[in-house]
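Visitor: Could you take me through one part of this model up close? I'd like to hear about a ring pair and what surrounds it.

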Amino acid sequence: MSSILHSSPFIGVAGNIGVGKTTFTEIVGKHFGLEEFYESVIDNPYLEDFYGDMGRWSFNLQIYFLQHRFSGHIEMSQGSVGVIQDRTIYEDVEIFARNLHDMKFMSQRDWDTYCHLLNNMVRFLKKPDLIIYLQAKTNVLISRIQNRNRDFEQKIDAEYLHRLNLTYDKWIKGISDIPVLTIDTNEFNIFKDTLELENIFQQIELKLGESKK
């Protein structure tokens, strides 16, 4: 049994659309015996509409994600075991909502309302003990998105993904109050590269050990 289980850690898995967060969350969660929390994608009632008309549905989509993530945080805080979360609540504002606002798909009024709501929410939330950032180039993301063949994702624009990647890199570099482990997934096959996966498990343990000091 891993030593990290004794500290009931909270791990957040961050990364762009199609980078492999869900699979990574499942495999890491199972390895360390962590409770897994996933982003609501397949059953999200706004995603298909959003990719068809981003300006019309951006605020609705982000509010849906925000309430779902907040609900997950509340549930996690009530448990007594370690948890791993597929995408953090911080990405909702720092990556997705911010990009939609910068691209003029979200109005200033909606952006202000969204930020006020989030700021009130995070006052009640525990920060992750570790953020694992899964990184991949835009062309790799596009290939993975096409391979998983979700109809609504086929409308995602490559330029939009590229902007998200740039925003992710900037956000990660600016994090100073939470330990971060960055993993380059461009050439990494989580099902085949077993030695690399074992190395990642070890890095996670080291990072969590450092965060508890």
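Guide: Let's start with Tyr133, which counts as buried because its relative accessibility is 2% (buried means under 20% relative accessible area, exposed over 50% and partly exposed in between, with a 1.4 Å probe and protein chains only). For the cut-offs: rings of Phe, Tyr and Trp (its six-membered ring) pair if their centres lie within 6.5 Å, and planes under 30 degrees apart count as stacked, over 60 as edge-to-face, the rest as tilted.

Before going on, a word on the source: this is a predicted model, where local features need pLDDT of at least 70 and side-chain atom pairs count only at pLDDT 80 or more, while totals for chains, interfaces and linings use all residues. Residues are numbered from 1 along each chain as its sequence is written, and side-chain values use heavy atoms, with hydrogens and water left out.

Back to the pair. (Helices, H or I with at least four residues, and strands, E with at least two, are DSSP runs numbered from the N terminus.)

Now look at the sheet. Five strands make up an open sheet, ordered β2-β3-β1-β4-β5, with parallel pairing; two strands pair if DSSP finds at least two bridges between them. At the edges are β2 (35-37) and β5 (180-184), each pairing on one side only. Helix α1 (residues 21-32) packs on this sheet and touches β1, β2, β3, β4 (130-135) and β5, where contact means heavy atoms within 4.5 Å.

Ile132 is worth a stop as well. Leaving out residues up to four places away in sequence, Ile132 touches Ile11, Gly12, Val13, Ala14, Phe24, Leu181, Ile183 and Ile204. Ile132 is also one of the residues that touch the most other members of the largest nonpolar core, which has 60 residues. Such a core is a set of buried Ala, Val, Leu, Ile, Met, Phe, Trp, Tyr and Cys residues joined through side-chain atoms within 4.5 Å.

As for other rings, the model has eight aromatic pairs by this rule. Tyr64 and Phe65 make an edge-to-face one, 6.4 Å centre to centre with 65° between the planes, and both residues are buried.

Key: Axes are lines fitted to C-alpha atoms, for helices over the stretch in contact, and angles run from 0 to 180 degrees between N-to-C directions.
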